[in-house]
Amino acid sequence: MKKVVLSWILCVLGLVALLAFLGGHSTPGDQQNGSGSSLIDGRFTLQTTKGKTVTEKDFKGKYLLVYFGYTHCPDICPASLLLMQNAIHR
């Protein structure tokens, strides 16, 4: 079971890495920082459900997985979140 969970997590991370790589190869007119590379750099600012602002600095030294699902995703998102939850708690 642990190997299955790890495999799913690696697949998701691989997909994220691929999308980040493809996002760095933009077409003319896309937002860029002037060097031809993407503005994606790992920094973020988010707000919790309680209104607290958090950044990547709040998680320094900890494992962090940021997952963006859909507002209506009855099949894949809950299963993916469950796999990630199980992996984190092991």
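Predicted model: local features only at pLDDT ≥ 70, side-chain atom pairs only at ≥ 80, totals over all residues.

Trainee: Which residues line the largest cavity?

Mentor: The lining consists of Trp8, Ile9, Val12, Ser80, Leu83 and Met84. Helix H1 (2–23) and helix H2 (76–88) each contribute at least two residues to this lining.

Trainee: How many cavities of 30 Å³ or more does a search of the whole structure find?

Mentor: The search finds one. The volume of the largest cavity is about 40 Å³.

Trainee: Let us turn to the rings. Why do Phe44 and Phe59 count as a pair, and why is the pair called tilted?

Mentor: Their ring centres are 6.4 Å apart, and pairing requires centres within 6.5 Å, so the two rings pair. Their planes lie at 35 degrees; stacked requires under 30 and edge-to-face over 60, so the pair is tilted. The count by this rule is one aromatic pair.

Trainee: Where in the chain do the two partners lie?

Mentor: Phe44 is in the loop between H1 and strand E1 (45–47), and Phe59 is in the loop between strand E2 (53–55) and H2. The pair links distant parts of the chain, 15 residues apart.

Trainee: Why is Phe44 called buried?

Mentor: Its relative accessibility is 18%, and buried means under 20%, so Phe44 qualifies.

Trainee: What makes Phe59 partly exposed?

Mentor: The relative accessible area of Phe59 is 28%, which falls between the limits of 20% and 50%, so Phe59 is partly exposed.

Technical notes: Residues numbered from 1 in each chain as written. Heavy atoms only, no water. 1 Å grid on protein atoms, 1.4 Å probe; cavity = no way out; pocket = protein on both sides within 12 Å on 5 of 7 lines; lining within 4 Å. Points joined across faces, edges and corners; volume = space filled by probe spheres on them. Helix = DSSP H or I, 4+ residues; strand = E, 2+ residues; numbered from the N terminus. Phe/Tyr/Trp six-rings, centres within 6.5 Å; stacked < 30°, edge-to-face > 60°. Buried < 20%, exposed > 50% of the residue type's maximum accessible area, 1.4 Å probe, protein only.
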